[in-house]
Amino acid sequence: MGKVEKISLNGEWTLSDKEGLINIPAEVPGSVFEALIKGNVIDDPFYGLREHEISWVYESEWMYETRFDLEPSFLEHENILLCCHGLDTISDVILNEEHLGFTNNMFIRYDFNVKPKLKSKNNRLQIKFKSPTVKAREEKENNGINLNTGSAAIPGVPYLRKAQYSFGWDWGPKLPDIGIWQPVELIGFDNLRIDSAYITQKLQYNKDFNNITDLEEISDIGVMSADLSIKINLSSNLQTSDLKQYTMRVDLKAPDGTNITKDKPLHSLNPTIELKLEYPYLWWTHDLGTPNLYDLTVSIRNKFTIDTFKQKIGIRDIQLIQESDKWGETFFFLLNGVPIFAKGANWIPIDSFIPRGKRSGLYESNLINAKEANMNMIRVWGGGIYEDDQFYELCDELGILVWQDFPFACAVYPHNEEFIDNFKKEAIQNIMRLRNHPSLALWCGNNEVEWLWKWQLNTSEITDDHLKNDFKLGYIRIFEKLLPNLIEEYDPSHPYWPSSPSNGYVGENLGIQNSNLPNIGDSHFWDVWHRNKPFRAYRKFDSRFMSEFGYESFPSIKTIEAFCPTEQFDFFSPIMENHQKNSAGNKKIFNYMKKRFSIPKRFEDQVVLSQITQAEAIEYGVEHWRRNRNDYHCMGSLYWQLNDCWPVASWSSLDYHGRWKALHYYAKRFYNPIFASVKEDNNSIEFWITNDCRTSQKFLYEWKILESNGNILKKGSYKSYIRPCSSKRLGIIDTTDIHQTKDDLQNHIVFFKLIYYNLDGEQLFHGFRLFTAPKKFPLKDPFISWELNEDFCGESNKKGYEVKLTSKDIALYVHLDSDKFDFVTSDNFFSMEPNETRIISLKNLELIYSSKPVDFKVKKEDFVVKSLHDLLENS
């Protein structure tokens, strides 16, 4: 019996249209749009209004073709499979003029037995794609129901098992892609190969979390041992008696390099090997520890290795804790016995053309930037995809947990047998693909289908009571029966949650009960933004777990310059409105800004101010929910959204090019594991500290209330400590004596500073808060002086730069920028007290529109330092 062999068919194929007018090279994995752009057939569809000029691309039929030769030895395998790991979406697969099969699901791996159809020379593989929008229209007409995902989208996409966002969303263009978006390979094997592996584990603790009465005891929780069970599924046509000549071997390499090896003779096609690890290296989120990974190798052997399975695994225990309490029911994650406050954001696909985004390095940059902003959880939103393997591998390495939605969002979905059978295959494959990742925390059935049920019925024009009931039963069948049963069968180690938001299973109450109650389950909160409520509305919503809330802003002016000519630099120009997919969104940005700020005359300054407004909105909510972590009242804050799939005004904190908006810098501060905040009103101010770490922390908290001229009205400090996994109100100060008039409130500002020590030395946290809208604060020129210095960083002695700033007077929203370079700073969009000095480091310095690091001397003239005073100077 020979070794299992794999031959990649990735690389350059040819792409042609049905009419034969276009014939160009196309990279696989890749997409039609990407190939057409690269082949200069179409211009960048993201620029200007071009999105609306190229609908012919997704309305057309396309064919990918490649030719390949095979060694005679490969053809001698008893079985040869053609594995297409991702075809988007409606296609026919043809090999050497023989039809292999039809595909209709972007999320499924299609395997075709091609042994009798292959030859040694000049094999011809064709994949013919039909138009997804034509198919969606056909389904609408055949079924007589207008299933859709809302007014921002091309109707009909719920009929297709395709990324729902691709037909358009309130932040994304109508550019449904087509193509071979995942690898294609041939697998040759004889009578035996590894089909899958499932690793389960049970940790033995020195303390039971449920018996802890004092939070100080969290520091003492330890894992004494871990029992690993490694179950393998084999594909074979061998008799059981013939299996005995083969051995299953497990090699487990620890982070310290030590290795455990165990062999077991095969007696079945579902063998299991048990391992016991004493005092294992645990996988933690990066804010709680090190995300340690073990290298697991499983092999099937006789005289030589026949097949191998490899994966990095983490030793960890993740649980979703839901217990009755005085508010309703808890909803939080317990990692290795430690209750986590989930801090993060929602994730959408990295690009409208996903393979291009992967090639551009957006998985690495976006997730590294998420970690840099102290995020420990990412929610993979249901209108996108089951993400690429690289996404989960990076989350494993970076110590970021993943909340995984199944790909359903904001729509009523079909429930016929064909649709359900198709989805069942999809779900099983992806559950098995993702279940071993230590970053995976939870499976969730869908995004907002339960919560918006009545609205979705109305937008789909479903009015007949019998039809409504059929769709309700279909929902219950998929999300409350099929999926939990599949999770129980294929991945019982992870929790399942039926929808987001949800209070749990609804059954026949679908569309009747409120699925977004704050006292149980997870919550979405859109009163701020969609319902135009002020930021303070966040403080009135005491969620158990805030899995979605958001506020919009514009991307970096550098990003805008890449899609909009300067003559259309106006919030309401046709191009700027086209790069805003939320109805009246630019007007809403403007109106919220106007409530808080005077509006600058320069468009570039308006863009910056939109980002500051967004950052303050989200900060206002997050700090409230983090203060509420005691007794597990609120244990999660995932804002909408981390990233963009194209350059657009949206809710993201990273724009399409990965540039940090003001919100991302704010997130780095408000998601810091040890976080200081204030809660102010007209008559008082409370001082708070939150500690998400596993250990207690000593600290010094200093504060002062100043007049706009810098005169100190009140000041004080708290020298204390805070227990692990808790929040603490340090004190409350009565301000009625200094806030006797509206002018007093408008003229005052509080600055606060937190000082503590960890393994990296002294840590400083700075914050500030105005008592009214910033436009009412009497601004004057802060006279910021600054200098740029070279700074050689770390062991690599790599050249970096730092900026030393000193402000003579109060400076609000100080930020560093450049029209020549892209970079990330250690802090940005901060405020400074009179005579305060800050040192800010610069990293990832690159020329704009270039990914190459800067290797020449950088000058001070290449940068600008601005504050709110500068933005409003000509308002």
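**Exercise 1.** Locate Ser 352 among the secondary-structure elements and state whether Ser 352 is buried or exposed.

*Solution.* Step 1: Ser 352 sits in the loop that runs between strand 23 (342–347) and helix 5 (354–359). Helices (H or I, at least four residues) and strands (E, at least two) are DSSP runs, numbered from the N terminus. Step 2: Ser 352 is buried because its relative accessible area is 5%; buried means under 20%, exposed over 50%, and partly exposed in between, with a 1.4 Å probe and protein chains only. Step 3: leaving out residues up to four places away in sequence, Ser 352 touches Phe 46, Tyr 165, Pro 173, Leu 175, Asp 177, Cys 645 and Trp 646, where contact means heavy atoms within 4.5 Å.

The model is predicted: local features need pLDDT of at least 70, side-chain atom pairs count only at pLDDT 80 or more, and totals for chains, interfaces and linings use all residues. Residues are numbered from 1 along each chain as its sequence is written, and side-chain values use heavy atoms, with hydrogens and water left out.

**Exercise 2.** Describe the surroundings of Asp 177.

*Solution.* Step 1: Asp 177 is in the loop between helix 4 (132–143) and strand 11 (179–180). Step 2: with 5% relative accessibility, Asp 177 counts as buried. Step 3: beyond four places in sequence, the residues touched by Asp 177 include Ser 31, Val 32, Asp 88, Lys 162 and Ser 352. Step 4: the Asp 177 side chain reaches the backbone nitrogen of Phe 33 at 3.5 Å.

**Exercise 3.** Count the cavities of 30 Å³ or more and characterise the lining of the largest cavity.

*Solution.* Step 1: apply the rule. On a 1 Å grid over the protein atoms alone, a cavity is a set of points where a 1.4 Å probe fits but cannot get out, and lining residues have an atom within 4 Å of a point. Grid points are joined across faces, edges and corners, and a volume is the space filled by probe spheres set on the points. Step 2: the count is three cavities of 30 Å³ or more. Step 3: the largest cavity has a volume of about 100 Å³. Step 4: 16 residues line the largest cavity, and the closest to its centre are Asp 88, Met 106, Asp 177, Ser 352 and Ile 354.  Step 5: the lining divides into eight nonpolar, five polar and three charged residues; Ala, Val, Leu, Ile, Met, Phe, Trp, Tyr, Cys and Pro count as nonpolar, Asp, Glu, Lys and Arg as charged, and the others, Gly among them, as polar.

**Exercise 4.** Which side chain does Asp 822 join through a polar contact?

*Solution.* Step 1: Asp 822 belongs to strand 41 (residues 821–825). Step 2: Asp 822 is buried, with a relative accessible area of 16%. Step 3: its side chain and that of Arg 659 are joined by a polar contact of 2.8 Å. Such a contact is a pair of N or O atoms within 3.5 Å; within protein, one must be able to donate a hydrogen and the other to accept it, and residues adjacent in sequence count only if both atoms are side-chain atoms.

**Exercise 5.** Find backbone exceptions to this rule: most residues other than glycine have a negative phi, and most peptide bonds are trans.

*Solution.* Step 1: the peptide bond from Asp 88 to Thr 89 is cis, with omega near -5 degrees. Step 2: the bond from Trp 640 to Gln 641 is also cis, with omega near 10 degrees. Step 3: Glu 448 has a positive phi of about 65 degrees and is buried at 7% relative accessible area. Step 4: Glu 461 has phi near 60 degrees and is exposed at 60%.

Notes:
1 Å grid on protein atoms, 1.4 Å probe; cavity = no way out; pocket = protein on both sides within 12 Å on 5 of 7 lines; lining within 4 Å.
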